[in-house]
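Subject: Model handover, charges and salt bridges

Hello,

Here is the structure we discussed. Please open it alongside these notes.

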Amino acid sequence: MGRAFEYRKARIMARNSKNSKAFSKFSKEITMCVKASGPDPDTNSRLRTLMASAKSAGMPKDTIERAIKKASDKDAKDYKTVIYEGYAPNGIAILVETATDNTTRTVANLRSYFNKKGGSLGNSGSVAFMFTHKCYFHVTPKDGIELDELELELIDCGAEEVDMDEEEIMISGAFESNGEIQKYLEENGFEIISSEFVYEANDYKELTAEQAAQVEALIEVVEEDEDVQSVFTTMQTADVEE
């Protein structure tokens, strides 16, 4: 296990904990998931991991259950995932993942934030090629687990990296490998603490503290928007090592 694992883990957890809208975010994801594949976690594998992730983030069990029940209602809002692309100040590429029921409102708000904070909202495809869509799993280690053997088996399922510390095993892979990795973990009795989909920059750009503050100012105002789920950038921070 190297420092890179600690950096990635810290970056993901810090961003999740920073998001004051965590419960709202999970509720929207649950709504979309239930509408797509049903409210039964036994037959909806994505819902199972969403429930685990929400629980790990501190969302109470009854709140999770209410979100599932509400999502099953025929009058529940129809959210859809839309990715917006652009540039923050100092040439930093940025992807904004949204869950919205009104794209006109969402794009107007985002364009306003970008303009006010020195960025520019771009067209679809303008920066997406700078990122790779990946899945991450956080798993409870089992007694007697041999990391090398586990890694070999998970690679066959599409995993790219497998790291472990005293608290968890962290597994990453291409977005398309999510289903196979989850299937292996569940069939082999691993407890999935949480999982997430991320857009990971292919290369990071180092900024001065002043330049980084300008980018963070944009990120903060974007993250406050009710339609925004996650924000990803090419900015190198203290927890990203080249």
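Is Arg48 buried, partly exposed or exposed? Arg48 is partly exposed, because its relative accessible area is 26%. The classes are buried under 20% relative accessible area, exposed over 50%, and partly exposed in between (1.4 Å probe, protein chains only). The areas come from the Shrake-Rupley method with a 1.4 Å probe, and for residues only the protein chains shown count as cover.

Some ground rules. This is a predicted model, in which local features need pLDDT of at least 70 and side-chain atom pairs count only at pLDDT 80 or more, while totals for chains, interfaces and linings use all residues. Residues are numbered from 1 along each chain as its sequence is written, and side-chain values use heavy atoms, with hydrogens and water left out.

Salt bridges next. The count comes to ten salt bridges (a side-chain nitrogen of Lys or Arg within 4 Å of a carboxyl oxygen of Asp or Glu).

Arg48 pairs with Glu186, with the closest N and O atoms 2.6 Å apart. This pair links distant parts of the chain: Arg48 sits in helix 3 (residues 45-56), Glu186 in helix 7 (residues 178-187), 138 residues apart. Helices (H or I, at least four residues) and strands (E, at least two) are DSSP runs, numbered from the N terminus. Glu186 is also partly exposed, at 32% relative accessibility.

Asp62 bridges to Arg66, closest N and O atoms 3.4 Å apart. Both lie in helix 4 (residues 61-72), four residues apart, about one turn of the helix. Asp62 is partly exposed, at 41%.

Arg105 and Asp227 form a salt bridge at 2.9 Å, N to O. Arg105 is in helix 5 (residues 103-116) and Asp227 in the loop between helix 8 (209-223) and strand 9 (228-233), so the bridge ties together parts 122 residues apart in sequence. Arg105 is partly exposed at 26%. Asp227 is buried, at 2% relative accessibility. Shared partners join Lys28, Lys77, Asp101, Arg105 and Asp227 into one salt-bridge network.

Last, the surface. Glu146, Asp148, Glu149, Glu153 and Asp156 gather in a patch of negative charge. Patch residues have over 30% relative accessible area and no salt bridge, with like charges joined within 9 Å. Asp and Glu count as negative. The place of a charge is CG of Asp or CD of Glu. Glu153 is in helix 6 (residues 147-156) and is partly exposed, with a relative accessible area of 37%.

Best wishes

Notes:
Patches are made of residues with over 30% relative accessible area and no salt bridge: like charges are joined within 9 Å, nonpolar side chains (Val, Leu, Ile, Met, Phe, Trp, Tyr) within 5 Å.
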